[in-house]
Amino acid sequence: MPIQIKRHLIILAILIAAFVVFQQLMIPESFGELGHYRANSLEDNELFDIHYAGQESCYECHEDISDLKEMDLHYDLSCETCHGPGTDHNLSPDSVELFIPDDRNFCGLCHAKNTARNEDAVFQIELKEHNPDKNCTYCHNPHAPWELRNQDPQEENF
Amino acid sequence: MGIKKSRPSRREFLKSASALTGVAVATFIGAPFNGVVIASEPAGAKGPWYGYGIDIEKCIGCGRCANACKNENNVPQKPYYFRTWIEQYTIKNDGSIHIESPNGGVDGFEQKIPEEEIFKSFFVPKMCNHCHKSPCVQVCPVGATYDSPEGVVLIDDSYCIGCRYCVQACPYGCRYIHPEKKVVDKCSLCYHRIKKGMNPACVEVCPTNARIFGDLRDKEGPLVEFLRTHTCQVLKPHLNTGSKLYYNALSAEVR
C-alpha cells in the first residue's frame, strides 16, 4: 500500500475514534433506556412540589366544616377550589393562613348569569340585581349556601 | 431516435383502466381510511395508560382549574401563559363565531354579547392532549420531550435546548416557553401528583366534576365509564395525533 494512503487511513481512523469517544461523552446517563429520552427524567418530573393537598387532609382538622358542607349543595366542592393551595397551611397551620374569599365577584365566577353556563349545573344570579350592596356571605354561609342568615324578608329579592 | 410511443387501442385502454380502478377499490375496502378517534394502546405494555375526559355540558367556566394549574406548577401569572385555559365559544344568530379567553378564564367570564343575539354558547377547557403519536415529540431534535410509559407526554427540563420546534408543531397550541426557565413548558397531567395516587390539580378543584382523569386500561375506572356513557370526540381527529383528551358534547365549531 502506498505510504500516502496509509497516512490518510490512520488519520481517518483517529477521526472516527475521536467521534465515537465524543459521542459517548455527550450522551447523558440513562438516555435511551426506555426510548429516545433520559429515563431519569421521569424521576425528575415526579419530584416537583405538591401545592394542592386534597380535601381529605383538610377534614383531618376541620371536621366541623366537613359536616356542615355535607348538608348542603357545596358538598362536592373541594376546599381548595375556593381557599387555594393548602399544603403550606397543612405543614404549619398557625403561621400560614389560607385565602378566605369575601367578594361578590369571587362567588360570581361560578354564580354570575351566563348563557354558556348550564342552568342545571349551577344556580345563577344577576350580580348587578341580586342585593348589589351586600356581600354574598352576609346572607349565605359559603359552606352551606342555603343556610341563610341575617335575612330580612322585606329587603330580599329572590 | 427518441422515445417509442405506443398508442393503445380503446379496448386495451379500458382494460388497464378498469383493472387499476378495481385495485384501488379493493385496497380501499381492505384498508379503509379511519380518522383516529380512540387512540390504540401500545401492545405488550403493562401498567396504567392515562387519558383525560372533559364534559363540556358540565363546565361552568369558573376558571378554578386554570388558576389551580398555575399555582400547582409555578406557571407565571403574567405574561399570559397557560398549561390549561378555558375558551368561551359564542355562536350568534347570524352564524358568526366569537371565541374569547380573557386571562385564560382565571378572572372569570363576562357576557358582553346580548343574550337575544346568541344562538348558543359554551365553555371549552383546553390543555395538552397527551397524544399517543405526538407531533411535538416527533420534532424534538434532542429527545427532551417524550411519551412516558404511562402515556403522559413529559418534558425534560434539564435537557431541553429551548429551540421552540415543538411549540410550532403542537396543533393544539398547548406549549409555551417558560419566561424564567427559558425551556418549553406544558401540562404534565401533574405527573408528580398522579404518581402518588392523587388527581391532577385541575381535577381536584373542579366544582362540577367536568374534568375526569383516569386510566384507559382500567375498564371499570371513571374515565372508561365516562367514555362509554357519553358521546366523546377528540380535537382535530383528521390530524391522526392519537389524542387522549376526550370531550363530551364537542361542537363542530371548536378547533
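The model is predicted, so local features need pLDDT of at least 70 and side-chain atom pairs count only at pLDDT 80 or more, while totals for chains, interfaces and linings use all residues. Residues are numbered from 1 along each chain as its sequence is written, chains are lettered from A in the order in which they are written, and side-chain values use heavy atoms, with hydrogens and water left out.

Start at the interface. Here 36 residues of chain A are in contact with 46 residues of chain B; contact means heavy atoms within 4.5 Å. The area buried between the two chains is about 3300 Å². Buried area is the accessible area (1.4 Å probe) that two parts lose on being put together, summed over both. Carbon and sulfur atoms give 55% of it. On the chain A side, A:Tyr52, A:Leu109 and A:Thr115 lose the most area to chain B, together 18% of what that side buries.

The side chains of A:Arg38 and B:Asp156 form it, at 2.7 Å from N to O. Which elements of chain A give two or more residues to the side that touches chain B? They are α2 (40-46), α5 (79-83) and α7 (104-111). Helices here are DSSP runs (H or I, at least four residues) and strands likewise (E, at least two), numbered from the N terminus. The largest share, five residues, comes from α2(A).

Turn to helix α2 of chain B, residues 64-73. Nine of its ten residues are buried, so this helix is largely enclosed by the rest of the structure. Buried means under 20% relative accessible area, exposed over 50%, and partly exposed in between (1.4 Å probe, protein chains only). Among the buried residues are B:Arg64, B:Lys70 and B:Glu72. Their cover includes α5 and α7 of chain A, and also β2 (84-92) and β9 (211-215) of chain B. Just after the helix, B:Asn74 takes a positive phi of about 50°.

B:Lys78 lies in the loop between α2 and β2 of chain B. B:Lys78 is exposed, with a relative accessible area of 60%. Its C-alpha atom is 9.5 Å from that of B:Pro179, 101 residues apart along the chain.

Finally, chain A is assigned domain 1 (3-46) and domain 2 (55-148). The bounds come from an automatic or database domain assignment. The domain centres, taken over C-alpha atoms, are separated by 57 Å.

Technical notes:
Salt bridge = Lys/Arg side-chain N within 4 Å of Asp/Glu carboxyl O.
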